Every structure is written in structure tokens, then in C-alpha cells.
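Visitor: Could you walk me through this model and tell me what stands behind the terms you use?
Guide: Gladly; let us look at it together.

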Amino acid sequence: MRPTDPQAAVAAALDRLEADGGPGPAWISVVPRAEALARAAAVDPTLPLAGVPFAVKDNLDVAGLVTTAGCPGFAYTATATAPAVQRLLDAGAVLVGKTNLDQFATGLVGTRSPYGAPRSALDDRFVSGGSSSGSAVAVADGTVPFALGTDTAGSGRVPAAFNGIVGLKPTRGLVPTRGVVPASRSLDCVSVFARTVGDARAVLDVVAGHDPADPWSRRSAGARARRPGARAAGPRLGVPVARQVLEELDPRLHDAWHDAVAHAGRLSAAPLVEVDLTPFLEAAALLYEGPWLAERWLALREPVERGVAGLDPVVAAVVRAGAQRSGTDVFAAVHRLAELRIAADAATADVDVLLLPTAPTVPTPAEVALEPVTVNRRLGRWTNGVNLLDRCALSVPAGLGRDGLPFGVTLVADAFAEDVLTAVGAAWCGEEHPDAGPEPQAGTVELAVVGAHLRGQPLEPQLQELGATFVREARTAPDYRLYALPGGPPARPGLVREPGTTGPGIELEVVRISLEGVGALLTTIPAPLGLGTVVLDDGRAVAGFLCEAHAAAGARDITDFGGWRAYLASDYLSFSS
């Protein structure tokens, strides 16, 4: 993740922010270019995050910058920097801006902000998820390698799933929350968004650690002791009782969930353990249907009662509901939660990591507008209880459902079990494979090639001259089709995304290339080909070669071959010529 040229890496991030008329709805403010580049120029190259550009959710304070928490009338200029952010700056990372959010971090949809509503970077038909909407999109669209968010009810996991990236929610108190505008102070966590589990863990290693000035900070005492059992072979994974997922999960995501369970079975050191989610679901209901709303009212009462400018009416209604909770309600819920923690520990006693769908569905903006509270509540079904039950969690991509719905799963582990959690997450994403390729560098992008630029094909030297390096073989999501285009030499295919269709996915190769190399490559690509966003079968999005849809009308559909090389090896090419 650490760039070889910090100034170039930061300049590339700022260039993206300034393109197309300036920052989009994912951003609330941007650090002045001169200031960011000066910091990049002065960074100590030996620091662990030297020159890595990053963003923070705009409910974290940075001295000298305005904190809005998504509400213009609440905005103030911070006089001190949140320790989590300061630790990144001290490690050499370079802040480039602050990102949008559901106002006061109240929401999982990403639409409750007067600064705009980002859309999913994978498919703009869908919401980005929230509340850390901007941080997730800023990472998913390649502007920054990582960003900080917050997570009280799923705000660091849901948007990660909706954007095909990694979202790490640490154990409560592992990362200081001093300098964070509170939502529910006893549950708030600073979360990390990244493109890989390895990058997320590298950031966590920098920001974690006790803060003696933070009353909610905790010293790691190791994961809870477990029942004796064989662990030498590796972690054991658990999955929910099937009906507890399938009754709630969008039918368009059922196949993706079954694939995820099969993948978990391959990673588990023993047969998957079936887990009764009842204590998790009851704890989840306590967050927004119980007296923890009173804690949100305590944190946000002043701006809501004052009716500050830009106050979102849905957010205001959610917060005001906390005023109706009594002290008796609060203590009854605290006592019940203690019982639920015992029940959850018992349900997962033989499990190191529990696999859950991150969210039951991925809504459109229109669906959220029609039922803003109901849709939001549904999205937190499997995330709301994790903080209350004192677990750490990691959302990772898990492909696409039917109709192109982004799908992510969440790995859940005990408090302070981040080592196990991130090891399983890295294995899930294939990051432990010895052929994983070079370490990603800021100022570069991953580029998917499907035809004449593949290894051994006529245009491979063109990529080599531009400094591109092979990363890995991959496959597109199932709603892509491949066509043999007329003309040449060299013969070329055209990759077209056709939402709603289902195919084998198209074999491709991912290379890493500098942003300058991409610019030079663009000048060589003939119509109807071009560069756009290609979604892979694991849900991740990369830049890649695409074809204008109109060109497919007169071209041979070669999708069933599964890739360009298989087509070339067939008799079809020689027959057609």
C-alpha cells in the first residue's frame, strides 16, 4: 500500500477529486492541494504508511478542519485531532478530505444527508449504504486506498458490502473514539475501509491502542477463553440455521449465500457448525427498538431540540424517540443484554468465526424514499447486535446476486480476536495465495483485460511497455457477455455487461498499471472499445476493457466459451475466417 512516490500518489487522489467538476456526493470537504502535497513531500519514507492518501468520515475531528457530522447547522472547526486520525498522520499517511455520511451517523442507507446521496460504486442503481457512505465509495472508486468510518450498528459493514470492498469493525474500545461525534457512545467504533483485508489490518495496527484520556478505551486482554478443543488445524467456522437467513434474505441473493456457505466450508478446519442466531437477533432488536435510543438522544439532543439548519427529518424523528425511554427501561435492557451475551457465547462455543450475510438486500433510492425507516431497520438485521454483544466483525465481498445486487458477508469473532478474524478474511479473499502478485501501490489501478492484451496475445507487449505487471487471473460477474468483434488484426473481443442475464462469467486477467499508463493506453483503444468499470465474480470492481453495447448487435456471441483464449482454441475462429 505504501507508494514509491508519495507526492504522485497524493496528486493522483486529488486529481480524481477534481475531475468531472469536483468532488461528488461522497465528499464534504477536501484538503487544499498545496497543503496535502507539502505534507507528502515532507513525509519520512521509513514510516509504515508514508505517503498513503486517505479520507475520514466527517464525524471525526481534524484540527483546523470543519466537522459537520452531515449537518450544516451543527458544523464547527475542530481544535484537536481525533487520536485515531492523529496516529495515521504520525505514521506518514496523508489526509486528502472528509467524507459524507448519514447525518449524525444515524442510518444504514447513505441517503440521509443534505450534502447529497452517494450511490453504490458497483452499480449506481443502488444506494451506497451508510452511515459511512462517503468513506466506502471513496475507497471503492479508487480515490484512496483506505478510509476511516464509524460503526455503531453496521455503518462500517453495510456500505462495505454495497460497494464490494472490505469493512473492518474492531472490538469496542480497541481504537479510541475520542474526537468522534457520538451516536451511542458506549457502542461507537472507528472502522476501516480498504480494498484488501491486508490493507485494513495494516491500518488497524496503526490506529489501535489504549487512550488514557478516552473513558471508553480498553486494553486488549485477548479473546474470551473457549471450551477446550482442537484448534491446531485452523479456525472453525459457523453458519446460521438456514431458515433464519433464507426467510429474511432477498431471494435474488439466495444463490450468492449458498455459494458463500460452500466457500466457508472449504476454509473451515472442520465441518461447519450450525448456530442458532436467536440471541443475536434479539440483541439487534434492542438497539433501535429498545432504550439504547436514549443514549443517542443524550448525544444528539441539543442540535435536534434546537432544530439546527439542515436537520434531516427522519434522523430527527429517530433521535427524538429516545426521549421516551425511562431509566427502568434502560436497566431492564442492560440486564437482558447480559443474559443474551451468555446465550450468544454458548451458541458459538465451538466456533471461532461466525459467517453472516452482511445485509438482507440492497435497496434502490426509490425504495428507501418510500419506506425510509422500515428499509433502514431491515438492513441492520444481522449487524445491529454485534456491537451490543461485544464482537469484532469484518465484511468482505461475496460476489453478486441476481439483477446485479452487490453481496457481502460478515465474519464475526469474539472481542479482541482480530488476529483470527483477519486471517480468515484474508483467506476468504484469496490474499494468502502465493501468486497474489505485487503489493498494490498508490497511484496505480488494477485493470482487467479480456482479449488481445492477455499474456501471450499480440498486444501484451503494449502493456509491458507501459509498465503493467500481472496480478492474477479472475472472472467477471455472471451478467457479462463476450462477443467476437469484426476487423483486425489483431482479432479482438468485446465485453458487454447485460444486467439480468446469467452466464458462466468471462475469464480475464488483472494487471496493475500506473494512472499515467492508463492515460497512455486510452489513446490506443479503437472504438467501439473503451475503459470502464468491470465487476468481478467476488464482487470487487476494477477498471477494465468494455465494449459499447451497440457493437454487439452484429457480432458473434462467444460467452459460452467462457473466455477469449477458449474461443481462440476452438474451431470457430478458423471456420469463420
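**Strands, helices and their terms**

Guide: Strand β12 (residues 391–400) and β13 run antiparallel and are joined by eight bridges. This is a predicted model, in which local features need pLDDT of at least 70 and side-chain atom pairs count only at pLDDT 80 or more, while totals for chains, interfaces and linings use all residues. Residues are numbered from 1 along each chain as its sequence is written, and side-chain values use heavy atoms, with hydrogens and water left out.

Visitor: What makes β12 and β13 a pair?
Guide: Two strands pair if DSSP finds at least two bridges between them, and here there are eight. Strands themselves are DSSP runs of E with at least two residues, helices are runs of H or I with at least four, and both are numbered from the N terminus. Val396 stands opposite Val409 in β13. The two strands form a hairpin with five residues between them, and Asp403 in the turn has a positive phi of about 65°.

Visitor: Which residue of β13 is the bridge partner of Pro357?
Guide: Val409 in β13 is that partner. Strand β11 (residues 353–357) runs antiparallel to β13, with four bridges joining them.

Visitor: Why is strand β13 (residues 406–414) called mostly covered?
Guide: Nine of its nine residues are buried. Buried means under 20% relative accessible area, exposed over 50%, and partly exposed in between, with a 1.4 Å probe and protein chains only.

Visitor: Why are helices α10 and α11 called oblique to each other?
Guide: The axes of α10 (residues 292–306) and α11 (residues 313–320) come within 8 Å and cross at roughly 125°. Axes are lines fitted to C-alpha atoms, for helices over the stretch in contact, and angles run from 0 to 180 degrees between N-to-C directions. Under 35 degrees counts as roughly parallel, over 145 as roughly antiparallel, 65 to 115 as roughly perpendicular and the rest as oblique. The pair is therefore oblique.

Visitor: Which residues of α10 and α11 meet?
Guide: Leu293, Arg296, Trp297, Leu300 and Val304 in α10 meet Ala316, Val318, Val319 and Arg320 in α11, where contact means heavy atoms within 4.5 Å. These residues divide into seven nonpolar, no polar and two charged. Ala, Val, Leu, Ile, Met, Phe, Trp, Tyr, Cys and Pro count as nonpolar, Asp, Glu, Lys and Arg as charged, and the others, Gly among them, as polar.
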